[in-house]
Amino acid sequence: MRGLNWKSALAWLLAAFFVLGGVMNIFVSPETAADYQRWGYPDWFHYVTGALELTAAALLISSQTRFYGAVLAALVMIGAATTVLSHGELSHAIAPLVVLAVAAFVAYLNWVSVR
């Protein structure tokens, strides 16, 4: 078995982030539920977000589906950044934008495998 290279390690870290985010969105705290409500999302939308995050994480684990997981992760982060930016919560956009950049980088690194 080959050692874990930095590209795989980055993808696995990104997957871990999305597992944590997915679980936190499925088992939403009252504060986060209030955020979703304030942003105008329906009561059930946090389940959709959590499911998308867990799907992205699952796809990121395998090198054969990593590109697709990174693209899905980037789309989720575009949605998160757009949500907070459109509500004037500029400081809350920093984390989604950083994770978006990491997801885009992981997608770029894995683009060759799908071509």
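Start by selecting Glu 89, which sits in the loop between H4 and H5. Helices here are DSSP runs of H or I with at least four residues, strands are runs of E with at least two, and both are numbered from the N terminus. The model is predicted: local features need pLDDT of at least 70, side-chain atom pairs count only at pLDDT 80 or more, and totals for chains, interfaces and linings use all residues. Residues are numbered from 1 along each chain as its sequence is written, and side-chain values use heavy atoms, with hydrogens and water left out.

Is Glu 89 buried or exposed? Glu 89 counts as buried, at 13% relative accessibility. The cut-offs are under 20% relative accessible area for buried, over 50% for exposed, and partly exposed in between, with a 1.4 Å probe and protein chains only. Show the contacts of Glu 89, leaving aside neighbours within four places in sequence: they are Arg 38, Trp 39 and Val 84. Contact means heavy atoms within 4.5 Å. Next, select Gly 88, which follows H4 and has a positive phi, near 70°.

**Helix H4**

Step back to Leu 85, in helix H4. Leu 85 is partly exposed, with a relative accessible area of 40%. Not counting residues up to four places away in sequence, Leu 85 touches Leu 90 and Ala 93.

Now select the whole of H4, residues 66–86. H4 has 21 residues and reaches 30 Å from its first C-alpha to its last, close to the 30 Å expected at 1.5 Å a residue. The expected span of a helix is 1.5 Å times one less than its number of residues. Colour the buried residues of H4, among them Phe 67, Leu 72, Val 76, Met 77 and Val 84. The buried residues of H4 pack against H1, H3 and H5.

Select Leu 52 in helix H3. At 37% relative accessibility, Leu 52 counts as partly exposed. Leaving aside neighbours within four places in sequence, Leu 52 is in contact with Leu 72 and Val 76, both of which are among the buried residues of H4.

**Helix H5**

Select H5, residues 94–110. H5 has 17 residues, and its reach from first C-alpha to last is 24 Å, close to the 24 Å expected at 1.5 Å a residue. The buried residues of H5 are Pro 96, Val 99, Leu 100, Ala 103, Val 106, Ala 107 and Asn 110. They cover an arc of only 125° around the axis, which puts them on the same side of H5; the arc is that of the directions from the helix axis to the C-beta atoms. An α-helix has 3.6 residues a turn, so residues three or four places apart point the same way. On the other side of H5, Ile 94 and Tyr 108 are exposed.

**Helix H1**

Move to H1, residues 6–26. The end C-alpha atoms of H1 are 30 Å apart, which agrees with the 30 Å that its 21 residues should span at 1.5 Å a residue. Ser 8, Ala 11, Leu 14, Ala 15, Phe 18, Gly 21, Gly 22 and Asn 25 are the buried residues of H1. Seen down the axis, they fall within an arc of 145°, so they line one face of the helix. Trp 6, Leu 13, Leu 20 and Met 24 are exposed on the other side of H1. The buried residues of H1 pack against H2, H3, H4 and H5.

**Asn 25**

Zoom in on Asn 25 in helix H1, which is buried, with a relative accessible area of 11%. Leaving aside neighbours within four places in sequence, Asn 25 is in contact with Thr 32, Tyr 36, His 46, Tyr 47, Thr 49, Gly 50 and Glu 53. The C-alpha atoms of Asn 25 and Gly 50 are 4.8 Å apart, although the residues are 25 apart in sequence.

**The largest pocket**

Which residues lie nearest the centre of the largest pocket? They are Asn 25, Tyr 36, Thr 49, Glu 53 and Ala 80, out of 27 lining residues. H4 gives the largest share of the lining, six residues.

Definitions and conventions: 1 Å grid on protein atoms, 1.4 Å probe; cavity = no way out; pocket = protein on both sides within 12 Å on 5 of 7 lines; lining within 4 Å.
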